[in-house]
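Student: I have a protein structure to look at. Can you show me how to read its features?

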Amino acid sequence: MASFVLLPIMPKKRSKRYLKAAELVDPEKDYSLEEAAAVIKKFPTPKFEQTVTVSFRMGIDPRQSDQMVRGTCPLPHGSGKEVRVLVFAKGDAAAAAEKAGAELVGFEDMIKKVSDGFIDFDVAVATPDAMSEVRKLGRVLGPRGLMPNPKTGTVTDDTAAAVQAVKAGRVDFKLDRNGNIAVPVGRVGFSESQLVENTAAVIDAVQRAKPPTAKGRYITSAHLAATMSPGIALLPSLYTI
């Protein structure tokens with residue numbers, strides 16, 4: 001009879017850059033937004049510009065439909081990311097979307113393109129009358145968080161305004177199945193004040209999205225981090241409501 005030996009799970013090896021960044025973060029401290037932004041600006045940088053993200057651990061049950069947290073937030077200083085927008089629309093709404101700068105606009109042709117697996121875009125917008133067909137793309141768009149939704153302003157007849165809002169740096173957020181929310185607030189190249197103001201706007205938006213049925217502590221922790229750097233714990237007073 002064959003015997004098996006259970007090998008210990010080796011901890012993930014961190015890069016020298018990550019370890020140097022970790023030396024700048026006090027794991028026992030909760031930071032103000034100003035302090036956290038200042039530390040992120042001191043992190044060693046890779047060859048690409050990192051995205052800065054604020055992440056929340058939520059004290060609600062993601063399995064309960066009445067406790068879903070979802071919304072949008074316009075960032076005062078934009079996201080620093082070039083956003084590719086696809087718009088499902090016809091006629092005047094399609095023309096308005098093109099004029100507003102949408103990279104991909106159409107209806108039947110775009111429905112087929114996406115159903116065949118095309119997902120080279122960051123945000124999808126649709127007019128209400130287009131949604132009867134767009135909903136059929138749920139298996140493609142849903143798992144990637146790309147399905148247009150009235151709550152995020154991406155199902156609308158005013159396609160030009162929707163495209164402009166997304167291009168200007170509006171970000172969407174949604175509770176994931178593990179009870180977390182992560183929202184990009186800019187790039188490491190942003191100034192400290194830009195990161196602080198963008199992060200404060202997102203914290204406020206997530207707080208305002210609290211479901212009426214949520215009980216107990218709504219947000220249990222929050223961290224600010226760059227793509228390849230350790231998270232920085234934020235002061236509970238910044239997000240406790």
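This is a predicted model: local features need pLDDT of at least 70, side-chain atom pairs count only at pLDDT 80 or more; totals for chains, interfaces and linings use all residues.

Student: Which residues of helix 3 are buried?

Tutor: Buried means under 20% relative accessible area. In helix 3, residues 91-100, the buried ones are A93, A94 and A97. They cover an arc of only 100 degrees around the axis, so they sit on the same side of helix 3.

Student: What does the face turned away from that buried side carry?

Tutor: Exposed residues: G91, D92, E98 and K99.

Student: What follows helix 3?

Tutor: G101 does. Its phi is positive, near 110 degrees.

Student: Now a single residue. Where is T127?

Tutor: T127 is in the loop between strand 5 (123-126) and helix 5 (131-134).

Student: Is T127 buried or exposed?

Tutor: Compare its accessibility with the cut-off. Its relative accessibility is 3%, so T127 counts as buried.

Student: Which residues does T127 contact?

Tutor: Set aside neighbours within four places in sequence. T127 then touches F88, A89, A93, V155, T156, D157 and T159. A93 is also one of the buried residues of helix 3.

Student: And where is Q194?

Tutor: Q194 belongs to helix 8, residues 192-208. Its relative accessible area is 25%, so Q194 is partly exposed.

Student: How far apart are Q194 and G78?

Tutor: Check sequence and space separately. They are 116 residues apart in sequence, yet 9.0 Å apart in space, C-alpha to C-alpha.

Note on methods
Residues are numbered from 1 along each chain as its sequence is written. Side-chain values use heavy atoms; hydrogens and water are left out. Buried means under 20% relative accessible area, exposed over 50%, partly exposed in between (1.4 Å probe, protein chains only). Helices (H or I, at least four residues) and strands (E, at least two) are DSSP runs, numbered from the N terminus. The arc is that of the directions from the helix axis to the C-beta atoms. Contact means heavy atoms within 4.5 Å.
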